[in-house]
Amino acid sequence: MAATPVSAATPDLVQSFRGLNHVDQRSANGGNQFSLEPPDQGLCAGNGFVLETVNDVLRVYGTDGTPQSAATDLNTFYGYPAQVDRTTLVSGPALTDPSCYYDEINQRWYHVVLTLDTNPDGSFRGSNHLDLAVSQASSPLGAWAVYQIPAQDDGTQGTPNHNCAPQPSPPPTPTVSNPSACFGDYPHVGADRNGFYITTNEYDFFGPNFTTAQLYSISRQKLATAPPSIQVLHFDHLGLAGTPGFTVWPAQSAHGEYSDHLNGSEYFLSSMAAGETGNTTGAAGSIGIWQLSNTASLNTATPSLQLANAVLSSELYEVPAFIGNSGGSADQKVGDVPLVQCVNDPLCNTGLFGNPPDPAQKVESESTLDGSDTRILSAWFTGNQVWGTLDTAVSVGGQTRVGIAWFAVQPNQDLTTSPVSQGYLGVGSNNAIFGTVAALADGRAVLAMTLVGPDYFPSAAYAFLSQNSGVSAVNIAGAGKGPSDGFSGTWYFNNPPGTPETASPRPRWGDYGAVVILGDAFWLASEYIDQTCTYATYWSGNPATSDPSCGQTRTALANWATRITEVTPPFNAYTPVTPARITDTRPGSGDPNAGATLGPGATLDIQVTGAGGVPSGATSAVLNLTDATATADSYLSVWPKGQPKPTISNLNFGPGQVRANLVQVALGSGGAVSIFNNKGSTDVVVDAEGYVAPSSQPGFGFLTTQAPARIADTRPGSGQPNAGQTLGPGGSLNFQVKGQGGIPGGGVSAVVLNVTEATATAPSFLTAYGTGTARPKASNLNFTAGQIVPNRVIVPVGAGGQVTIYNNQGSTDVVIDANGWFSDGSNPAAFGGRFQGAAPGRITDTRLNSGYPNQGATLGPGGTLNVQVTGAGGAPSAATTAVLNVTVTNPTAAGYLTVYPAGGSVPFASDLNWDRGGTVPSLDPVRLGSQGQVGIHNTSIGSADVVVDLFGWYVT
């Protein structure tokens, strides 16, 4: 794979500060703590607070980074005795793997941790439980209610009996309450509108075996009331295609981005290469998608949930191989490692740790870092997509390194056909480890990670991500100051005396990080190294005068730290361009792809970025698509290059017809789109009209849509502006758009129009462009004599707030309806919709037995159909405008459709016109109405079927 570059810039970074470190962890509760690695890191944010939890401590910050609480140990937080009383050496329970979540609906904070019960001498009893703390107010600084969910699954405390391996005989400890216990390792949390979910990986407590992942579901609504006890629905033995489910990571969301499909659905992702799944190869080319439905029932007295899953083909991923010579999988830059040097020095080892090295001890060296095992490391639901990440071996420049694989799954009604967008992040000669992701409904996503390798000490880093254009450069939020130098990376602290030198330590690095969203800001949590010191500073030769804390920047046993970073990535903004031809397959056209006529079942890839004024950073484009020389009834489909061909159509035509339709489509691999022709052969003409790309310019490129409004009609006696101004051959007419039909008089860069020709006397075409600019080599709609043909047009506004329309041959009348406008940035406070392109998909087909929503609901004369777009329809609940391709087929009489926000009155406007028996498409950027629906009204005296394909949406 190509290397992802590392940039010295930190674009859109708002703030970054050091979070908890090992000194905080070890010194909490008066120092009555053990030293722990790795710093498993949870993060949650809301209501003006940011809460970080690491290992067995937590701290609350303000959104300005100022600490609002001390570093509080979790034993105290949950009301347990200290982890270890340093005076009496009596041990309390062992708490591990914390996570947290802010419930924006009920304004409550949740904190989850796995608790292992212990005897006073520190030996384990076998019993263990998930502890769930819920704040009793909107602030995390007040009181919390605490609940215990037993996780030993040995038949005690109401748990099922999973027959985990019994403790060895004779038992290693005399006091074991649950000798055949399992334990719920690696708990992680997610939520949908209705429920809060915890998943675990279950292993034998006293044996070597993995059982399966476990799932616990709880009502958010009930949790918010702080009841004395909670109802928990436990799904055990989670299996996937005959294999054990492993790290089934529940998705989180932000801004109400929940799925209401099937009465509420929560989604999960899992991977299939780790040994726990039964995979002995360490590699896989598929992932698991899970759906828990009917989650609204959690708020009733008798919840009834259904769990389904499917295996989806994916890019290849592989357990990272060892790099270096001391285990682990991610090498790091060489630097001072005083702990390692101390272990090798008998005097220091004895002086600081009380034990001389074993005579057979391996000579220690700087360790490599753990690069995970391909388990899913994050899941995020937004825009009807589930995003996820995992660590994988990657080949970059001929070298094997640790990188990140990312996925964006769009769950369909049938999970097995859900399309997957995916990609890799790999840094040349270096490693990107423990990547996590979150995304907004408008498609902006951020990856957080640790960057480490021969060129970098462990550093907190991030990259922006687009499901179509991939990852940006890696940006460093917190540069590492030295190598990781912790006890888990040493042979000495991980192997008892006499262990053979072939045994390797597992140099632990944060088992997970986090990304969460607060407003439009992403808050990132990653591990890095924030200190360095020499061996001379660490060990002076005398325990009394040495400073292994190196000025309180580390402890004797570890030097890890965490970094908390806030970034606000640029938003998606629309830029109109003067229409420009970027493809014409007709032989001799002189344009790109000349002579590449599409045969039956043929696909043509068209380069969009770098052509027609569309820059390389564009994520989607607006294209005018025209067929020519068609030899059969057929259709064209357009979708992002590199994604599976969807079941959609953009343009339908018959032999000898020349038709056009506007397309707004996300760009795929290399900034290209693919075009498929179904039957016969045809030439294709493509004109670029504009593009969407990240922008930080305030108030620029936002869409405002409205119900259609007529602003011009040249037909004599129409009573509309420009009445009687029929366009003759080679004629042009300027139409006023600013200040007309709801379009503002200023601050407008481009307008969305529906242009319909009528009364044509000859085959011709119309071209729309900004008044005062040169007429471009492009067309917007093509027609023959006697036809009535509409097309959507997004056109820059020219001089005097006007657009010009040119007619090539014969004469014709023109009808113009205004649908919306884009802001030009002159008002920094302007706001509106930001586009997110998606894998195109069909959301309605009224034809009998179509298999899609509304099948059989043919529109009769004067009939109206409300089409669900948000939720089950594909777009997120936050969407305000949907980009739909609406196709009418099987009409029994001529007529037209009007597409408008559901719940409102049918406007006096048309979106697509047809003759009897025709099949006609039209692109419709339409504002969503009541309950996230659009209304489609048939004005014909006959009936017609309607097909609706979704290409994306705008989020305000």
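Which strand gives the most to the lining of the largest pocket? The strand is β7, with 4 residues; helices (H or I, at least four residues) and strands (E, at least two) are DSSP runs here, numbered from the N terminus.

Before we go on, a word on the source. This is a predicted model, in which local features need pLDDT of at least 70 and side-chain atom pairs count only at pLDDT 80 or more, while totals for chains, interfaces and linings use all residues. Residues are numbered from 1 along each chain as its sequence is written, and side-chain values use heavy atoms, with hydrogens and water left out.

## Two pockets

Let us start with the open spaces. Rolling a probe the size of a water molecule over the atoms shows where empty space is left. On a 1 Å grid over the protein atoms alone, a pocket is an open set of points where a 1.4 Å probe fits, with protein on both sides within 12 Å along at least five of seven lines; a cavity is a set from which the probe cannot get out, and lining residues have an atom within 4 Å of a point. Grid points are joined across faces, edges and corners, and a volume is the space filled by probe spheres set on the points.

The largest pocket has a volume of about 1000 Å³. Its lining counts 35 residues, and those nearest the centre are Thr96, Asp97, Leu116, Asp185 and Arg508. Two or more lining residues come from each of β7 (94-103), β8 (108-118) and β11 (182-191). By type, the lining of the largest pocket holds 15 nonpolar, 9 polar and 11 charged residues; Ala, Val, Leu, Ile, Met, Phe, Trp, Tyr, Cys and Pro count as nonpolar, Asp, Glu, Lys and Arg as charged, and the others, Gly among them, as polar.

The second largest pocket holds about 750 Å³ of space. Of its 35 lining residues, Asn412, Gln413, Gly841, Arg842 and Tyr852 are closest to the centre. Here β48 (834-845) and β49 (864-868) each supply at least two lining residues, and β48 gives the most, with 6 residues. The lining of the second largest pocket divides into 15 nonpolar, 17 polar and 3 charged residues.

## Disulfides

Now to the cysteines. A disulfide is a covalent bond between the sulfur atoms of two cysteines; the cut-off used to find one is a pair of cysteine sulfur atoms within 2.5 Å. The structure holds 4 disulfides, and their pattern is 1-2, 3-4, 5-6, 7-8, with bonded cysteines counted along the chain.

The link of Cys164 and Cys182 is right-handed, with 105° about the S-S bond. Cys164 sits in the loop between β10 (144-150) and β11, and Cys182 in strand β11, so the pair ties together parts that are 18 residues apart in sequence. Both Cys164 and Cys182 are buried, where buried means under 20% relative accessible area, exposed over 50% and partly exposed in between (1.4 Å probe, protein chains only).

The link of Cys342 and Cys348 is left-handed, with -100° about the S-S bond. Cys342 counts as buried because its relative accessibility is 0%, and Cys348 is likewise buried at 0%.

## Cores and a loop residue

A nonpolar core is a set of buried Ala, Val, Leu, Ile, Met, Phe, Trp, Tyr and Cys residues joined through side-chain atoms within 4.5 Å. In the largest one, which has 46 residues, Ile289, Tyr317 and Ile433 touch the most other members. Strand β18 (residues 283-293) gives the most to this core, with 5 residues. Beyond its neighbours within four places in sequence, Tyr317 has contacts that include Met272, Ile287, Leu390 and Phe407; contact means heavy atoms within 4.5 Å. A second, separate core of 31 residues includes Ala254, Trp380, Met449 and Val567.

Finally, Val337 is found in the loop between β19 (306-318) and α4 (338-344). Val337 is buried, with a relative accessible area of 9%. Not counting residues up to four places away in sequence, Val337 touches Glu366, Pro483, Ser484 and Asp485.
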